[in-house]
Amino acid sequence: MNYFPDEVLEHVFDFVASHRDRNAVSLVCRLWHRVERLSRQRVFVGNCYALSPQILIARFPGLKSLTLKGKPHFADFNLVPHDWGGYVQPWIEALSNSRIGLEELRLKRMVVSDESLELLSRSFANFKSLVLVSCEGFTTVGLAAIAANCRFLRELDLQENEIDDHSGHWLSCFPDSCTSLISLNFACLKGEINLAALERLVARSPNLRSLRLNRAVPLETLQNILMRAPQLVDLGTGSYVHDPDSETYNKLKHTILKCKSIRNLSGFLEVAPRCLPAIYPICLNLTSLNLSYAAGIHGSELVKLIRHCAKLQRLWILDCIGDKGLEVVASTCKELQELRVFPSDPFGVGHAAVTENGLVAISVGCPKLHSLLYFCQQMTNAALIAVAKNCPNFIRFRLCILDPTKPDPVTMQPLDNGFGAIVQSCKRLRRLSLSGLLTDWVFLYIGMYAEQLEMLSVAFAGDSDKGMLYVLNGCKKLRKLEIRDSPFGNKALLTDVGKYETMRSLWMSSCEVTLGGCKTLAKEMPRLNVEIINEHDQMEIGSDEQRVEKMYLYRTLVGPRKDAPEFVWTL
Amino acid sequence: MEIGSEKEKMGFEETELRLGLPGNGGSEGEVARKRGFSETKATTMDLKLKLSSKDAGMDLNEKAKTLKKEKNLLTADTAKHHAKAQVVGWPPVRSFRKNMLAVQKGSSEESDMNKASGNIAAFVKVSMDGAPYLRKVDLKTYQSYKELSVALGKMFSSFTIGMKDFMNESKLMDVLNSSDYVPTYEDKVGDWMLVGDVPWEMFVDSCNRLRIMKGKEAIGLAPRAMGKCMRNRS
């Protein structure tokens, strides 16, 4: 290959799409490294503090699409204090000062300000796509800037962000000349929307394929929108409430019949169940259904709806579907690949929602299942063993028993054997979340069998340092390990310090690790940032024997970060 | 060693490993010493598999309890593990989702409470078109539409409410055509109704939330309401 001109190499590399493969390509030799980096357009940065914007810009001058992730995963569950970090501003500033022609920005768990959005909207003439997931710090003012200034905007996708909603006028900021929208998702906005502006926007967006509305959009508007955009592939309804005897509802029923392309359906943030029959005709074609925010649809109506969805590949629902409802899913949705069952009452006192029986039924009926997130009241080893046998193709297996240290209720055993069966059977498992009563044994099994495991989430599990060490020693592909409330201490942390440079990050909170242990680690591994989150000023005296409440460490090229708040110490 | 049918399911026989649940008669100590941290390869392991069976259930029951006890001793905040009270960040549900469900639950709980018998409060949200925030009222604290209208008038005192005249049909159309506000409510099945058609107690039982609409927008609701009024009278 060294005798080919660069253009040929580049052409070959064009077929190498995944960022991991491209990273591998760039390690082959200097020539390949150079050709690869000059031709790379899409870059994924899993931890925004692992490198600096300057390094990114210097290496990839042809960058068009950037994905950045900020806060650690446990920030989703309020375990990370508010001002921890993850600001996108320095990235946007640096990119705007460079010659990079950014077209797409995808952010997850980052702090985004209106100022950042404004700068973004003004700096890149060809900017096309903004995707924000679980971000915060901005308001509809920032959205207005994006709408107004990004002349060729194709995608604005806001997923589960905390947005201060100041007014519905941002939609009116899309100029009349903007006709390029393909995807618009504002379901997470809490405020009112200018409905007329929305309808006009849809009317002048012939390429619109994906539209997810918020709660403020009533059924009348939905009807008008669907009339204008029967080509939609992905629809998220807003408020789905109306009088089923009304003319509007009648019109909706007829309009929906024309929407033959809809494959993804979501929303129903408010719902009048008697209006659901209107959507039955499109259920036949659905491959993805997200009713996880549809708290207004209960047991029997939910089941009735699902009976129409024979082609479903992805289903997100609330646990009020019950075990019986999951049996219906199992007998109807033979193509199911991904299932998420969320708790409808996270702090409720066990009015039994779903149990191991629902999961076993699914595993029997849906052998193609490869991704699972399952919140349940209880789980048994026998059930997990059966699931492991029925579904050997799991890539993601996340089980959350609502009572975090609950044993197998039939045998009163820990769930070690059940999870052991899962990791042993599912050879392609990449992500695993554990719960229930668990001893060091489960970690032994994970270390032995979970060869492809990249991410492990542990809570209230294990007996001793051995547990954590089994995992660190055995899981060669481990990239992210997050542990809370488990008895792992300095010995586990310090036995194999080199391991952490092969991983993206390690989170440990409410464990047995001490300040002294963390200091030792930081000293031995200068290319790691070992951050201690110290919310209660316990450490002012600085006793090395004191347990660290929260530790987050990650590999980095750029040393301690300069934007850490007072309560974060980088050792 | 009890080797039950579970062993076949596990398929451990090929690795010649036997899993032992910890702490059967003090063997845990021995096993711990034999195990080296670097010895994770199957062939070098020397463990005994003791599958859980109902016969051994008693011992293991004990062990499960001692495991729990040990955990209690380990960290200061293990009390959190076993209390039914909420543990921070558990269950691991995104705050966004939790908040959304709380809002939705709030509005459905109100309707549940309304369905329940007499003495429980009947708080419903009250929104007024154009007002920057919503209020809540407990319908049980009023005995009649008139009392409610006075209370709402005080709450949203900067706006006029046409409620005083709504019981009088001839004035109803005047009210609706003027810029006065008209009270409407969402009933249990999600339909929006004009306030005042049904007896007060029935209204309190069936009202989920109140919305004070601009008179002009309420016209769509009025004809049916008017029709009902007429039928009720005859």
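Student: What is the relative accessible area of A:Asp234?

Tutor: This is a predicted model, where local features need pLDDT of at least 70, side-chain atom pairs pLDDT 80 or more, and totals for chains, interfaces and linings use all residues. Residues are numbered from 1 along each chain as its sequence is written, chains are lettered from A and ligands numbered from 1 in written order, and side-chain values use heavy atoms without hydrogens or water. A:Asp234 counts as buried (under 20% relative accessible area; exposed is over 50%, partly exposed in between; 1.4 Å probe, protein chains only). Its value is 9%.

Student: Which residue forms a salt bridge with A:Asp234?

Tutor: A salt bridge puts a side-chain nitrogen of Lys or Arg within 4 Å of a carboxyl oxygen of Asp or Glu. Here the closest N and O atoms are 2.7 Å apart, and the partner is partly exposed, with a relative accessible area of 24%. That partner is A:Arg212.

Student: How many residues apart are A:Asp234 and A:Arg212?

Tutor: A:Asp234 and A:Arg212 form a salt bridge. A:Asp234 sits in strand 10 (residues 234-236) of chain A, and A:Arg212 in strand 9 (residues 210-212) of chain A. Helices (H or I, at least four residues) and strands (E, at least two) are DSSP runs, numbered from the N terminus. The pair links distant parts of the chain, with a separation of 22 residues.

Student: Why does the salt bridge of A:Arg22 and A:Glu36 tie together separate parts, and how far apart are they in sequence?

Tutor: Their side chains meet at 2.7 Å, N to O. A:Arg22 belongs to helix 2 (residues 19-25) of chain A and A:Glu36 to helix 3 (residues 30-39) of chain A, so the parts tied together are apart in sequence by 14 residues.

Student: What relative accessible areas do A:Arg22 and A:Glu36 have?

Tutor: A:Arg22 is buried, and A:Glu36 is buried too. The value for A:Arg22 is 7%, and for A:Glu36 it is 0%.

Student: Which residue of chain B meets A:Asp76 in a salt bridge?

Tutor: A:Asp76 counts as buried, at 7% relative accessibility. Its salt bridge spans 3.1 Å, N to O. The pair crosses between chains, from the loop between strand 2 and helix 5 (89-97) of chain A to the loop between helix 4 (79-82) and helix 5 (95-115) of chain B. The residue on the chain B side is B:Arg94.

Student: Which residues are linked with A:Asp76 in a network of salt bridges?

Tutor: Over all chains the salt bridges come to 27. One of them joins A:Asp76 to B:Arg94. In the network, A:Asp76 is linked with A:Arg109, A:Glu160, B:Arg94 and B:Arg97.

Student: Which residues make up the covered face of strand 1 of chain A?

Tutor: In a regular strand the side chains alternate between the two faces of the sheet. Strand 1 covers residues 42-45 of chain A, and its uncovered face holds A:Arg42 and A:Phe44. The covered face is made by A:Val43 and A:Val45.

Student: What is the bridge partner of A:Val45 in strand 2 of chain A?

Tutor: Strands pair if DSSP finds at least two bridges between them. Strand 1 of chain A is joined by four bridges to strand 2 (residues 65-69) of chain A, and the two run parallel. A:Val45 lies on the covered face of strand 1, and its bridge partner in strand 2 is A:Leu68.
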